[in-house]
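Hi there,

Here is the structure I promised to pass on. Have a look at it first, and my notes on what turned up follow below.

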Amino acid sequence: MDHAADAHRTDLMTITRFVLNEQSKYPESRGDFTILLSHIVLGCKFVCSAVNKAGLAKLIGLAGETNIQGEEQKKLDVLSNDVFVNALVSSGRTSVLVSEEDEEATFVEPSHRGKYCVVFDPLDGSSNIDCGVSIGTIFGIYTLDHTDEPTTEDVLKPGNEMVAAGYCMYGSSCMLVLSTGTGVHGFTLDPSLGEFILTHPDIKIPKKGNIYSVNEGNAQNWDGPTTKYVEKCKFPKDGSPAKSLRYVGSMVADVHRTLLYGGIFLYPADKKSPNGKLRVLYEVFPMSFLMEQAGGQAFTGQKRALDLVPEKIHERSPIFLGSYDDVEEIKALYAEDEKN
């Protein structure tokens, strides 16, 4: 046995150690956020384990109900939702929970309440489970800034008021990407230890990328600026090489690749979905928060994505996010379109 190597393995930066280190920078901190995050991490580990054995455990079939978005719910969606709701409530640090799977917000009973509100999609891309494509959990955290009875208004805030956001991707490895407002960090689950280890410190998205990611099956329904932008990706007029198209159809996987390799992810509004398809609170906001923290941009076609103020908990929005320069290009096309 290599004892030196084993000893070195105990000096790893786990996600718990990382968050405690961050907490120590704020002497007034009571550790509430650390406790909340440890419950989210536990939920991610649980779902990761369930996803890995879904085929064996017959968890893949339809649960027979339809969720608020009109999508048929799969058993894993239902399980993941239950796992996260239970983990968040039992943390004793939350007051309001908004899940993609539940029509109404969940209000935690007074005895278990805390100062945070969490918005989440427990299993994004779950229609891809059967074919083994990466899927994930997306979450965003707000602070409750009063001591009155919590209401839905407490989560209907712009994304720039989020205090943290992240996603956990269940793929060839299980990776949790997190930002608490001071950069973006990636942690990979070491199954032998059952711990998330810091493997991607301070992720920075390249300023410009050579990949674009969009569902081109919707091209006939796009507006002018999106059509022009994608045309420009494929047939650049300035002598630069064409961009490569990569589209998984699972937001976590597509955004993860964009974050690491650069480029742009687009889910524009179109004639079929005039308000866009992705949900503001638990898809657009957390991913936009991470992109900006990594040095990229996120734009709705009208404004900075994090400046949106949602009016309903399941509101949708178009989104263009990714490398700074690539998003600048689409912004210029929309500005030009407005003038005409």
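To start with a question: at what angle do helix 3 and helix 4 pack, and how far apart are their axes? Helix 3 covers residues 32–52 and helix 4 covers residues 75–90; the angle is about 160 degrees and the axes are 9 Å apart. Angles over 145 degrees count as roughly antiparallel, so helix 3 is roughly antiparallel to helix 4. Their crossing is right-handed. From helix 3, the contact draws on Leu36, His39, Ile40, Gly43, Cys44, Phe46, Val47, Ala50 and Val51, while helix 4 supplies Leu76, Leu79, Ser80, Val83, Phe84, Ala87, Leu88 and Ser90. Sorted by class, this contact between helix 3 and helix 4 holds 13 nonpolar and four polar residues, with no charged ones.

Please keep in mind that this is a predicted model.

Now for the chain as a whole. The protein chain has eight helices and 17 strands. Its radius of gyration is 20 Å, close to the 20 Å that the globule rule gives for 340 residues, so the chain is as compact as a globular protein of that length. Along the principal axes, the C-alpha atoms of the protein chain fill a box of roughly 55 × 55 × 45 Å.

There is also an annotation to go with it. An unreviewed UniProt entry places the feature "domain: Fructose-1-6-bisphosphatase class 1 C-terminal" at residues 205–334. In the model, that span is 36% helix and 15% strand, and its end C-alpha atoms lie 23 Å apart.

Next, helix 6 and helix 7. Helix 6 (residues 251–261) packs with helix 7 (residues 280–293) at an angle of about 15 degrees, and their axes are 11 Å apart. That angle makes helix 6 roughly parallel to helix 7. The crossing here is right-handed. On the helix 6 side, the contact is made by Met251, Val252, Val255, Thr258 and Leu259; on the helix 7 side, by Glu283, Met287, Leu290 and Met291. Seven of these contact residues are nonpolar, one is polar and one is charged.

Last, helix 5 and helix 8. The axes of helix 5 (residues 224–234) and helix 8 (residues 324–339) come within 9 Å and cross at roughly 140 degrees. Helix 5 and helix 8 are therefore oblique to each other, and their crossing is right-handed. Pro225, Thr226, Lys228, Tyr229 and Lys232 of helix 5 meet Asp326, Glu329, Ile330, Leu333, Tyr334, Glu336 and Asp337 of helix 8. Which classes do the residues of this contact between helix 5 and helix 8 divide into? Five are nonpolar, one is polar and six are charged.

Best wishes

Technical notes:
Residues are numbered from 1 along each chain as its sequence is written. This is a predicted model: local features need pLDDT of at least 70, side-chain atom pairs count only at pLDDT 80 or more; totals for chains, interfaces and linings use all residues. Side-chain values use heavy atoms; hydrogens and water are left out. UniProt positions are given in the numbering used here, feature names are shortened, and annotations may be inferred rather than shown by experiment. Helices (H or I, at least four residues) and strands (E, at least two) are DSSP runs, numbered from the N terminus. Axes are lines fitted to C-alpha atoms, for helices over the stretch in contact, and angles run from 0 to 180 degrees between N-to-C directions. Angles under 35 degrees count as roughly parallel, over 145 as roughly antiparallel, 65 to 115 as roughly perpendicular and the rest as oblique. A crossing is left-handed if the near helix is turned anticlockwise from the far one by less than a right angle, and right-handed if clockwise. Contact means heavy atoms within 4.5 Å. Ala, Val, Leu, Ile, Met, Phe, Trp, Tyr, Cys and Pro count as nonpolar, Asp, Glu, Lys and Arg as charged, and the others, Gly among them, as polar. The radius of gyration is taken over C-alpha atoms; the globule rule is 2.2 Å times the number of residues to the power 0.38.
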